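Subject: Structure handover

Hello,

Here is the structure you asked for. Please look through it first, and then read the notes below.

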Amino acid sequence: MVGSLSPVLNAYQIEEYSNRVGTIKDRTVVAVGLNVTTLVDGTVGVFSDTSSATPVVAALAADILLKWPQLTGQQAGDVILHTAWDLGAPGSNEVFGMGLVDFKAALAPVDPTLSNGSTQTSVAGSVMIVPGAFGTAALQTALSHVTVLDAYGRDFADSIAALVVQPQVTADHRIARRVQQMGRQASLAFGGFSGSMGFTSVRFGPGADQVRSAATAGTFGCTDGTTGVHAAWNTADMLQADVMGLAPFADGVLAYVPQAGTSVGVDRVLGSGRLRLTMAAGRTSGSAAQAMTLGWSRGGFDLRASFIDEDGTLMGMPTGAGGLRLGRSARTVMVEGAPVDRRDR
């Protein structure tokens, strides 16, 4: 059923001669009943009343069926009903029914989804987060011309390149993270043992005793000259140096798995070189990682081999959501070699 409207100063009202919706409000739309058209004699004139409103809705139905002939007439009608511009009382009502027909909304995708042939995922809930080690240009180009399906099975050629993003870390964020992590630090060393504990203090009231302190990070190490044992908790930035002056944690692991901040490792002098083994693990919201690094230093060269097992991230970054997510886990093997700077010893 179609009702007739007249525009009145940026608003709409139902014409006096038009039928009211009544009880069939969920199967009725309204259209403007005053249109300009070409008359039979070739002149331009005004065409009004419900006889003018009805062809507007029929034209929209024809547009839908022309582009998507696989739809039935009822399905085309459902599209028109559920994309109508709400008028009057919210939702369907006895005056305007489902609302004013909206050509733009009816010909645009309704709740579009991404499909791989077996499952469908909402476009609105999909995003691809690309780690900094990867470029986005190729992925954005590939996703510039895709086909999405909407809630009515209609196909649309569209671009979803904007859903590919790359996180940016600013200097302010790095500084804030380090201040939050480090706070204050207390250290202790005797014999072959050394340890440190980082903590923060938060004031929750004006009184001198209204201060709450909490530990944020800690490290300890012990060495007898040939063998060293080191451990760290929540201290990825502190793992660069251990009690024997070695770097037990590979730079690649630090870069790609920042959440693995709890570690334990052993260093051992063997002949003219040093062998070390470090294992680390950590968990953040929605992701977890474990890593193992085996390193060997001799002369002026440092060689490291690492294995990283991630769940929920790729190289330390979340990989997105919905149909564009780049997997849910990753296993990475890396080998690093670099000259040892003796000035750091």
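Strands β4 (residues 34-38) and β5 (residues 44-48) run antiparallel to each other and are joined by five bridges. Helices (H or I, at least four residues) and strands (E, at least two) are DSSP runs, numbered from the N terminus, and two strands pair if DSSP finds at least two bridges between them. Thr 37 has Gly 45 of β5 as its bridge partner. The two strands make a hairpin with five residues between them, and Gly 42 in the turn has a positive phi of about 90°.

This is a predicted model, in which local features need pLDDT of at least 70, side-chain atom pairs count only at pLDDT 80 or more, and totals for chains, interfaces and linings use all residues. Residues are numbered from 1 along each chain as its sequence is written, and side-chain values use heavy atoms, with hydrogens and water left out.

Helix α1 (residues 50-67) contains Val 57. Val 57 counts as buried because its relative accessibility is 12%; buried means under 20% relative accessible area, exposed over 50%, and partly exposed in between (1.4 Å probe, protein chains only). From C-alpha to C-alpha, Val 57 lies 7.0 Å from Ala 31, although the two are 26 residues apart in sequence.

There is also an open sheet of three strands with mixed pairing, in the order β11-β8-β22. Its edge strands, β11 (164-165) and β22 (320-321), each pair on one side only. Between β8 (residues 127-129) and β22 the pairing is antiparallel, over two bridges, and Met 128 is opposite Gly 320 of β22.

Which strand holds Leu 275? Leu 275 belongs to β17. Leu 275 counts as partly exposed because its relative accessibility is 32%.

How far can the model be trusted?

Regards
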